[in-house]
Amino acid sequence: MKFSEVWLREWVNPPVDTETLVDQLSMAGLEVDAVSPVAGEFTGVVVGSVVTRAQHPNADKLSLCTVEVGSDDLRQIICGAPNVVEGMKVPVALVGARLPGDFKIKKAKLRGVESQGMICSAAELGLADSSDGIMPLPADAAVGEDFRQYLGLEDRSIDLDLTPDRGDCLGLSGVAREVGVINRSPVTPPSMNAIEAVNQDRFPVELEAPAACPRYTCRIIRNTDPDAQTPLWMQERLRRSGLRSISPVVDVTNYILLELGQPMHGFDLRQLKDGIRVRMAAPGETLLMLDGSELSLREDTLVIADSEKVVAMAGIMGGEYSGVAPDTTDILLESAFFSPTAIIGKARSYGMHTDASHRFERGVDPCLQRKAIERATELLLDIVGGEPGPVVEAVSEEQVPQRPEILLRRERVHRVLGVTIDDQTIADILQRLDMQVDEVPEGWKVVAPSCRFDIEIEVDLIEEIGRIYGYTEIPTHRGSAGTLVQSEPEVAFSLERARKILVDRGFYESITYSFISREMHDLVDPEQNTVELSNPISADMSIMRTSLWPGLLQAALYNQSRQQNRVRLFESGLRFIKQDDEIKQEMMLSGLICGTLLTEQWGAPGRDVDFFDLKGDLEAVLALSGAPDEFRFTPGTHPSLHPGQTARITRDDQPVGWIGMLHPEIEAKLGFTGNLYLFEINIDKSLDGKLPDFSALSKFPSIRRDIAIVVDEQLEFSAVSDCIRQAAPEKLKDILLFDVYSGEKIDSGLKSIALGLILQGTSHTLTDNEVEGIVGRILTSLKNELKAQLRD
């Protein structure tokens, strides 16, 4: 909710400065997100009048203007804007003026003709992002008046970041009520008189879905002036609130949206046939949108229709036949109450989010509609004229929300807030919040105003008392309680240490959303059952992730799109798997690398990362278990990984995770450049370590024997290593794999591997005979179990 401070102070003007006002709002629960000036910094700009306009003698696209900037003060100014005409009131920057960006206006010659200033556009004054021409001013603007003073630009825009329960403050009237209560200042809204009907034209309304729309009001206004323009004061208030001026009818409805928090709509009466029907969409029904496309409507969508067609999605957006045209003279104003449960989530499910849906989802005052339509009528008549008819109201009283009567106990207030507040103060706070308060022996019976959907139970009232009384006025009490300290098991896997290891190895930690799109899930992890959100933030965040890879891939793509091709990211977080009727949450650790192994440098040749680079990083993490040799990397198949560079990670035959290269098809679909490698492991008991056992270091020298054996080319090194260790469990200290060869002199389907065997005794130095015996047993075991042959 964004609004002008000057506009707010017309409603309520407490004796506090802007900084104090902002602090008060934040402390009352209406967090202020930003405070910004409503215009750029400039000086020396006045209101001018174009007296004459002639063609520049030396330029086809320049105009030579005589501009009056004060009493009998005429200046010659050259202007390049196409919309400058004689008699036009305009902002003029005089010689010596300073415009936003510290741009100083000096005397200048343009194509040989002197120019004594500049006629300004809105963009040049910091009032708009872009402009098509100079800024026209109303005909009654006083020539020579300082432009900042004329537009009241010594103002600030205040942007509130409201929580979903404070829909009552999505209008200036609600914010003014809060400021008035906090400062005990009177709130003086503008007069909003009922407008007497000039004709008896009525437009019939049928409520076919009264639970979703219990109140609908409308009014016909005929013979409006289609050429009328929105006054500058209203355009400015809209601009300072983040909305642009479009046309008088649209601007007035937007103005009411900001002022009262009531979304409204103005229909072109010519487009409507035989009356308004508020109903649910029929099967297969469509809505023609403003861009000419057709939107297929679901049966749970509330719509506004006439006798022939759907004209709008109720509380969300109008269609092609809903808006006013440049030649519209007869208007139907709409002001309705739609139940939050009928609107919530609907806009997002269609990929939309509008100011109207934002308010109806949070709850609009169900008693505000007639007041809003009278206020809008009054403003429209002042701007475009016309002949209003009577207000037509269709209402289902039993469906209109009623605020409950709540018993507030004084002892409960003290127990929850921890401070004693006298009865008079409590009653005064509640009454200033427009609540009905009746005193009873144990406290008060309270009924909240119709706009406060968030007040349902006793603690809601206590919260209101606390925030208005002032959280800073509630003393701090330090409680005391026994604390049970439990340490983690010594062998538990430390995720914190794992994160530090990855950072030490050049990774950056990423934190991504737990929500992903259906398309991303189907691309990366299609085999897992998903948890779908019933009320997603957007269509791109409608699925709970079943893997951390989608977020990492999107982060890597974001970096590559910005010329950051060397990416090393990791993330730890939960994944969500649907199993039967339950949701299984598992803590995962995932990583991704792509690009070059090292940053660009002169000391080492550059090369791209490969599978084994990431495997080395992951093995450093798995080493935290104290038993890195227990983890096995075996070839596997995963839908999102390259079929030839994928490994399943296991420990004691229990799955731990996956590692591999991103599948080329996925890589192409997402638009990556170069190969990406990923890993993902499950942080559970399978990673727990083992307590170390001490064994004395041998005093005797180790001996190395190298052997080369020929084995099946599909045989894994882990099988060879296990076989060797079983053959010489006591004397063998380590196995070094230093060469793998296949090709000439090696039969097809076989490979040669060269191994270094490190042998060492604990009681004496091994003799040659002992070494030869150990090596012999190893070769025999390899031959018998793996059909390995010693290479000549």
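Mentor: Helices here are DSSP runs of H or I with at least four residues, strands are runs of E with at least two, and both are numbered from the N terminus. The model is predicted, so local features need pLDDT of at least 70 and side-chain atom pairs count only at pLDDT 80 or more, while totals for chains, interfaces and linings use all residues. Residues are numbered from 1 along each chain as its sequence is written, and side-chain values use heavy atoms, with hydrogens and water left out.

Within H5 itself, the buried residues are Leu232, Met234, Glu236, Arg237, Leu238 and Arg240. Buried means under 20% relative accessible area, exposed means over 50%, and partly exposed is in between, with a 1.4 Å probe and protein chains only. These buried residues pack against strand E1 (2-4), H1, helix H3 (147-151), E11, H6 and H10. Contact is counted when heavy atoms are within 4.5 Å.

Not counting residues up to four places away in sequence, Asn254 touches Leu238 and Leu243. Arg166 is 88 residues from Asn254 in sequence, and their C-alpha atoms are 20 Å apart in space.

The largest nonpolar core holds 44 residues, and Phe3, Leu8, Leu25, Leu160, Val175 and Leu333 have the most contacts inside it. At least two residues of this core come from each of helix H1 (5-11), helix H2 (18-27), strand E11 (156-160), helix H4 (172-183), helix H5 (232-240), helix H6 (248-260), strand E21 (331-337) and helix H10 (369-384). The most is given by H10, with seven residues. A nonpolar core is a set of buried Ala, Val, Leu, Ile, Met, Phe, Trp, Tyr and Cys residues joined through side-chain atoms within 4.5 Å. In soluble globular proteins, nonpolar side chains tend to be buried together.

Leaving aside neighbours within four places in sequence, Leu333 contacts several residues, among them Thr253, Met264, Ile373, Ala376 and Leu380. There is also a second, separate core of 41 residues, including Leu269, Val278, Leu302 and Ala356.

The loop between strand E13 (215-222) and H5 holds Asn223. Asn223 is not a glycine, yet has a positive phi of about 60 degrees. Most residues other than glycine have a negative phi, and most peptide bonds are trans. Asn223 is partly exposed, with a relative accessible area of 48%. Another such case is Asp580, also not a glycine, with a positive phi of about 55 degrees. Asp580 sits in the loop between strand E31 (567-579) and strand E32 (582-594), and with 73% relative accessibility counts as exposed.

The protein chain has 20 helices and 40 strands, and 49% of its 792 residues count as buried. The C-alpha trace spans about 120 × 90 × 60 Å along its principal axes. Of the contacts between residues at least 6 apart in sequence, 69% join residues at least 24 apart.
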